[in-house]
Amino acid sequence: MSVIQNIRDKYARLMVVLIAVSLLGFILMDAFSSRSNLFSGNTTTVGKINGKKVELTEFEAKLKNMEDMQKAQGYNVGDAGRQGLIEQTWNQEIAENLLADQYEKLGITVTTKEMNDYLFGANPPADLRQRFTDSTGQYNGALAVQAVNQIKKQGKPEDKEQLANYFESLRKQRASEKYSALLSNTIYMPKWLVEKQTADNALVARASYVAIPYTTVSDSAVKVTDAEIDQYIKKHRTEYEQKEETRSISYVLFPTLPTAADTAATRSELEKLRAGFDTTTNYAQFTAVNSSTMPYYDGLVSKKQMQQPNKDSILAAGVGVTYGPYLDRNQQNNQSYLVLSRIVEAKNIADTVKVRHILLSVARVDPQSGQQVPGREDAAAKTLADSILNAINSGARFDSLVTKYSDDPGSKDKGGVYDSIGFGRMVPQFNDFIFTHSPGQRGVVKTDFGYHIIEVLGARGSDMAYKIAYMARPIVTGDQTENDANTAASQFAADSRSLESFNQNYDKNLRAKGINKQTADLRELDFNIPGAGTSRPLVKEVFTASKGEVLPVQRLTSGGYIVAVVTAINPAGVQSVAQARAALEPVLRNKKKAEQIKKNIGTISTLEAVASKVNQPIATADSLHFNGNNNVLGFEYKVIGASFNPANKGKVVNEAIEGQGAVYVLRVDNVSAAAAEAAGIEQQRALLMQDARQRAGQASPIEALKKAASIKDYRAKFY
């Protein structure tokens with residue numbers, strides 16, 4: 001026992017130390033793993049904009065708001081759509097923060113008094129004007145104040161929140177208008193600049209030239225070294241800087257294309273539905289219950305607009321006859337379908353119609369906040385629409401009522417008239433009414449925009465239109481097809497443990513089968529692999545892997561499996577020679593070719609001598625303009641500039657000019673100028689300033705502000 005006790009006493013401390021070191025190593029290994037957040041800072045911060053944190057909870061709330069807006073409008077967001085909304089939300093967050101900083105620095109505020117005047121004064125927002133216009137056609141600000149106070153005092157919490165969001169969106173809009181006005185009014189156009197531009201634009205030159213294309217020198221005769229590319233990058237550093245890390249991959253796709261057996265199985269499913277499809281009278285319900293991928297559209301479609309691949313056969317079947325199953329394909333998602341079709345109704349319609357209408361809009365969704373903003377209540381709009389129609393039928397002037405009530409800015413100043421409307425140009429309910437009613441007929445129609453009082457004024461031409469029901473099912477890949485593709489991809493990945501073995505394995509086993517190896521350059525927040533499809537998990541794997549690492553098999557959202565290997569890691573900063581070579585090599589090669597061509601030309605004496613030596617014709621460019629709007633020389637700005645150099649007038653330019661596609665030897669035959677009207681300078685100046693200010697008002701300053709801002713993007717940790 002004493003021996004055992006001595007061993008315990010002697011080695012116990014050592015064992016404790018070893019265990020502690022092992023545990024520490026395990027913790028550090030996990031901490032330094034790219035998948036660990038132990039040392040990555042605040043794990044609830046999506047990003048920082050000029051030091052201000054964007055927290056995940058707030059960002060998620062705004063993202064959900066955008067998703068809800070999309071769904072409310074009938075869009076299926078999907079994986080790709082969600083990634084797009086994430087990007088949109090982030091950009092909106094950047095814009096709001098950067099503009100808020102500008103407002104604070106410049107002292108731009110929107111006071112409560114100003115907001116009250118805007119909301120309840122003589123020029124309110126259009127939606128408030130629509131809702132609180134009284135029977136005299138005038139905006140009733142007092143009534144609007146009463147409604148707002150009612151919501152503030154007794155409204156439901158969600159109503160109060162919507163109202164607050166509405167006011168906040170208007171406050172931001174007013175601040176943005178002030179900021180844009182401030183920027184646009186800083187634009188100034190000095191008189192001397194307008195005079196100079198006018199004089200330059202009046203210049204007209206006539207030049208003769210010999211062009212020696214770069215293609216006259218073989219590419220193989222000119223080599224561009226890495227050192228030359230590196231030297232060029234250093235001289236043009238700002239042009240070759242990338243703000244974020246990118247990674248390059250090579251990949252192989254293992255598709256899951258439906259087999260003949262898969263097609264037969266889908267065909268069998270449709271055949272079982274044929275009897276019910278033949279006898280149903282409620283096509284909307286039948287197609288919905290039986291999961292048709294083509295929902296029933298209860299409206300007419302003109303023959304000219306039908307895009308179905310089997311259009312002629314469908315129409316030849318006649319009304320009430322089921323045609324199919326036939327093959328159709330959705331090019332957007334690369335999915336094949338089998339379809340049964342049945343013409344429910346056929347009508348002769350006009351090619352174009354002339355109508356007039358009055359729009360009574362209802363509550364709408366604010367595009368900035370995503371919240372419902374005040375407008376007419378549906379019931380109130382319907383009652384008013386019926387009253388207006390009765391008034392028109394009793395002899396009231398239609399155009400007078402348009403001026404008083406219509407909310408359609410596109411037709412209000414034209415008496416509500418739309419002329420030469422082609423079939424399908426208007427929303428479905430509006431379209432079907434005007435093409436199924438005769439001239440002189442009137443009615444009230446509800447659309448997503450509100451209630452329309454419509455009168456058909458005239459119709460021209462003739463065409464056929466059809467109401468068609470479709471029962472469509474996707475050709476689903478069977479389990480065996482799916483398993484075979486997965487097995488092939490997994491086997492390839494297992495045999496490929498490095499970039500070298502990936503390439504060798506491909507050459508040995510896949511090239512002969514016609515399977516292509518492709519490449520892609522990715523950013524950390526990408527979700528789409530160019531040439532393959534959507535797989536956000538793969539992109540995340542790419543950015544946690546090492547160069548040369550073969551990644552686990554991933555299934556693409558659009559179908560099939562992908563095996564990829566990381567071929568390059570391109571850190572943020574100045575591009576490497578390898579990255580820049582593809583873009584720079586042609587440029588530097590042409591520079592070298594230009595040197596050879598100029599050396600071959602030698603001393604320039606006459607244009608004829610040069611033409612004879614290089615065996616190229618002499619060409620003439622008449623009516624060259626200094627502003628560059630020239631059909632003959634196009635984008636050869638160096639040549640055009642030399643043509644208007646006063647020192648070159650009437651001479652052969654003694655040095656060859658390196659152009660975009662050739663080396664040019666130039667002779668300026670003449671330069672003349674049309675007389676500039678001095679009296680028009682002030683008018684031109686005023687127009688140029690007005691145009692510049694309008695363009696500034698329409699342009700967003702965000703990109704310029706982003707360049708001067710500090711923006712840290714951590715979204716890749718969460719999405």
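**Close-up views of a predicted model**

**View 1. Strand 9 and strand 12 are joined by four bridges.** Strand 9 covers residues 352-361 and runs antiparallel to strand 12. Val353 has Ile421 of strand 12 as its bridge partner. Strands are DSSP runs of E, at least two residues, and helices runs of H or I, at least four, numbered from the N terminus. Strands pair if DSSP finds at least two bridges between them. The model is predicted: local features need pLDDT of at least 70, side-chain atom pairs count only at pLDDT 80 or more, and totals for chains, interfaces and linings use all residues. Residues are numbered from 1 along each chain as its sequence is written, and side-chain values use heavy atoms, without hydrogens and water.

**View 2. Four strands form an open sheet in the order 12-9-14-13.** Pairing is antiparallel. Strand 12 (417-422) and strand 13 (442-447) are the edges; each has a single partner strand, so one side of each lacks a neighbour in the sheet. Twist averages 40 degrees from one strand to the next.

**View 3. Helix 14 lies across strand 9 and strand 14.** Helix 14 spans residues 398-405, and strand 14 spans 450-460. The helix runs at about 40 degrees to strand 9. Axes are lines fitted to C-alpha atoms, for helices over the stretch in contact (heavy atoms within 4.5 Å); angles run from 0 to 180 degrees between N-to-C directions.

**View 4. Helix 7 holds eight listed buried residues: Leu163, Tyr166, Phe167, Ser169, Leu170, Ala175, Tyr179 and Ser184.** Buried means under 20% relative accessible area (1.4 Å probe, protein chains only).

Key:
Buried means under 20% relative accessible area, exposed over 50%, partly exposed in between (1.4 Å probe, protein chains only).
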